[in-house]
Amino acid sequence: MSVLPTSGRLQWTDVPLPLRSRLEDALGAPVTDAVTPGGGFGHQLAAALRLADGRRVFVKAAPDGDPLTAANIHEAAVLAALPSGASAPELLGIHRAADWTAVVIAHLDGPHPDLSSASNDAEQTWALLDKLTSSPAPASYAAAVSTVPSTAAALHGWDELLSAPPDDLVPAACDRLPQLAELEAAWPALAHGDRVVHGDLRADNMVRDHHRGVTFVDWAHATTGPACIDAASLAPQLVLAGHSPADIARLLQDHPATASGPETTTAFLAALTGHWHRNARKPAPPGAPGLRAYQHRAAAAGLAVLGYRLN
Ligand SMILES: Nc1ncnc2c1ncn2[C@@H]1O[C@H](COP(=O)(O)OP(=O)(O)OP(=O)(O)O)[C@@H](O)[C@H]1O
Ligand SMILES: [Mg+2]
């Protein structure tokens, strides 16, 4: 069963008392303050807890019947198995009480990165992705993610839009529907690989920590796959942050993670933009205000980048 907040995220005070006490015991100090950062679309508790001794930790928690608990446990297994060079916070523990589960993660201190051209955060992010994907994932990581099917491999949407084109589909998509559906159909066979894939790379799933620099968070969708997935996912995010689609298309041509597999990159971008174009038109899910509007914007940004690869 999901416990949904009336708006935004569950708060620290929504967590059952036995789990709050269990966490305070494990952390060795009472919680004096809980701050919910902005960003993301989830409904679970995702909060920075301040402890009476001044330390801070980051906690994600949900009831055990909520699918987000399975996602949090997957994220915890991923954090424990990532290679040491990966840009991610450390897992501090998993705690259960009152049919809820909480995952405790090292706290990162700072804002979301600024992916606009006014900052060098985007450059730092490209460099992190190069490092993350330049060698195969360690066996322990591959084992940790092997139990959960890759959501990236299942992305599609143009197939459904081709069979029933919506009236409001932009000409850039209408004119190419059969080609987009064909490219997307090639994706599942190309979706396999041995690299670490974060699987949900957006500015709100990164924190620019004052000491560590840009750090990737929210590893709930992590999997293994071809090197291009995260770099190609980042491309529309940079367009949304103000970069020109032409510049970003050039970057994808040159970045090692995408340059090494141009066909795979194009097929992935087709599947991702198809997913967004299709899902943006669905009714809004409960507890995720803003998701559909974001998908509309991301769909247009992704298609603009993909357009340069098809011309
Ligand atoms: N280790 C951390 N330290 C500090 N802040 C963090 C940390 N991890 C995540 N955050 C912040 O909390 C927000 C929510 O965390 P996260 O993205 O992991 O939760 P989620 O519920 O899985 O998100 P989504 O809504 O994207 O599914 C992030 O956008 C980020 O701002
Ligand atoms: Mg998130």
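This dialogue walks through selected features of one predicted model.

Me: What should I know before reading the values?
Reply: This is a predicted model, where local features need pLDDT of at least 70, side-chain atom pairs count only at pLDDT 80 or more, and totals for chains, interfaces and linings use all residues. Residues are numbered from 1 along each chain as its sequence is written, chains are lettered from A and ligands numbered from 1 in the order in which they are written, and side-chain values use heavy atoms, with hydrogens and water left out.

Me: How many salt bridges does the structure hold?
Reply: The general idea first. Side chains of opposite charge can pair when their charged atoms come close. A salt bridge here is a side-chain nitrogen of Lys or Arg within 4 Å of a carboxyl oxygen of Asp or Glu. The structure holds 12 of them.

Me: Which residue meets E90 in a salt bridge?
Reply: R212 does, with N to O at 2.8 Å. The pair links distant parts of the chain, 122 residues apart. E90 sits in the loop between α2 and β4 (91-97), and R212 in the loop between β7 (206-209) and β8 (213-216). Helices (H or I, at least four residues) and strands (E, at least two) are DSSP runs, numbered from the N terminus.

Me: Is E90 buried or partly exposed?
Reply: Buried means under 20% relative accessible area, exposed means over 50%, and partly exposed is in between (1.4 Å probe, protein chains only). E90 has 40%, so E90 is partly exposed. R212 has 37%, so R212 is partly exposed too.

Me: Which other pairs can I look at?
Reply: Take R55 and D53, whose side chains meet in a salt bridge at 2.8 Å, N to O. R55 is partly exposed at 39%, and D53 is partly exposed at 45%. Next, D194 and R195 meet in a salt bridge at 2.7 Å, N to O. D194 counts as partly exposed because its relative accessible area is 40%. There is also a network: salt bridges that share partners join K60, E75 and D218.

Me: How far is D66 from the nearest side chain of opposite charge?
Reply: Lys and Arg count as positive and Asp and Glu as negative; His and the chain ends are not counted. The nearest side chain of opposite charge to D66 is R9, 9.8 Å away. D66 is buried yet has no salt bridge. Its place is the loop between β3 (56-63) and α2 (67-81).

Me: What lies 2.8 Å from a polar atom of the D66 side chain?
Reply: The backbone nitrogen of L68. A polar contact is a pair of N or O atoms within 3.5 Å; within protein, one must be able to donate a hydrogen and the other to accept it, and residues adjacent in sequence count only if both atoms are side-chain atoms. T273 is in helix α11 (residues 262-279). At 0% relative accessibility, T273 is buried.

Me: Which residues other than glycine have a positive phi?
Reply: Most residues other than glycine have a negative phi, and most peptide bonds are trans. A98 is one case, with phi near 55°. It is in the loop between β4 and β5 (100-106) and is partly exposed at 41%. D218 is another, with a phi of about 55°. D218 lies in the loop between β8 and β9 (223-225) and is buried at 19%.

Me: How do sequence separation and spatial separation read together?
Reply: Compare two pairs by C-alpha atoms. R292 and A280 are 12 residues apart in sequence and 4.7 Å apart in space. R292 is in helix α12 and is buried at 15%. R250 and H211 are 39 residues apart along the chain and separated by 31 Å. R250 is in helix α9 (residues 245-254) and is partly exposed at 46%.

Me: Which helices each supply at least two residues of the lining of the second largest pocket?
Reply: α8 (228-240) and α12 (291-310) do. The lining includes Q237, L240, Y294 and R297. Also among the lining residues are G39, F41 and D204.

Methods. 1 Å grid on protein atoms, 1.4 Å probe; cavity = no way out; pocket = protein on both sides within 12 Å on 5 of 7 lines; lining within 4 Å.
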